[in-house]
Amino acid sequence: MSTKVDGAVDSLSQRIGARVRIEREGRGWSLTDLATHSGVSRAMVHKLERGKSSPTATLLARLSGAFGLSMSQLIARAEAKEGRLLRRAEQPVWTDPQTHYVRRHVSPPSHDLPLDLVQVELPAGARVPMPASAYVAQRQLIWVLQGALVFMEGTTRHAMEAGDCLELGPPADCEFCNEAATACTYAVVVMRKG
């Protein structure tokens with residue numbers, strides 16, 4: 001699926017695709033190698049890298065997990081400005097073309113601070129699956145800011161309301177679910193290991 005702006009894939013999606021290529025080539029991987037590591041087809045990786053397709057959240061999670069990065073790191077490397085202050089107008093905002101969830105990278109990119117802060121608005125009725133590989137290289141907290149969120153961590157169901165905060169356990173296939181009639185806003189704090 002592609003996010004289109006006047007018939008073209010949006011510029012952030014194009015920069016993400018270019019960043020995927022840089023990360024892949026920096027590791028000396030072929031398209032086939034990345035497809036094997038991520039579980040994403042070689043054809044889809046090729047389309048993404050050439051700016052012909054916008055990735056879904058699940059696809060981005062698989063690719064970033066293959067690189068040992070969080071989605072936050074991958075998007076920040078594609079978009080965020082360097083420096084200690086990242087103004088709201090400069091924060092990378094990405095919309096999942098499949099679920100229409102809106103993801104804002106809030107924290108400035110930092111090599112010294114092993115933390116990323118992301119704000120997500122999940123539309124009513126939306127479900128976003130994430131593979132276990134997205135959680136291998138980091139620990140995460142989910143803090144519900146507004147509305148209600150159901151977070152499926154493997155087979156464990158966490159029903160959360162505004163103000164609730166959850167520390168994720170060992171890597172497992174997960175799903176973010178908004179079962180309510182209104183949008184849910186939550187923050188994800190990603191603490192990178194090592």
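The model is predicted, so local features need pLDDT of at least 70 and side-chain atom pairs pLDDT 80 or more, while totals for chains, interfaces and linings use all residues. Residues count from 1 along each chain as its sequence is written, and side-chain values use heavy atoms, without hydrogens and water.

**Stop 1: the sheet.** Select the six strands of the open sheet, in the order E3-E4-E5-E12-E7-E10. Their pairing is antiparallel. (Strands, E, are DSSP runs of at least two residues and helices, H or I, of at least four, numbered from the N terminus; two strands pair if DSSP finds at least two bridges between them.) Now pick 93–95 and 165–167. These are E3 and E10, the edge strands; each has a single partner, so one side of each lacks a neighbour in the sheet.

Stop 2: Show Trp94: its bridge partner in E4 is Arg103.

**Stop 3: the cavity.** Search the whole structure and one cavity of 30 Å³ or more turns up. (On a 1 Å grid over the protein atoms alone, a cavity is a set of points where a 1.4 Å probe fits but cannot get out; lining residues have an atom within 4 Å of a point. Points join across faces, edges and corners, and the volume is the space filled by probe spheres set on them.) Select Met71, Arg103, Met130, Gln140 and Val188: of the 17 lining residues, these are the closest to the centre. Finish on E12, which gives the largest share of the lining, three residues.

Notes. 1 Å grid on protein atoms, 1.4 Å probe; cavity = no way out; pocket = protein on both sides within 12 Å on 5 of 7 lines; lining within 4 Å.
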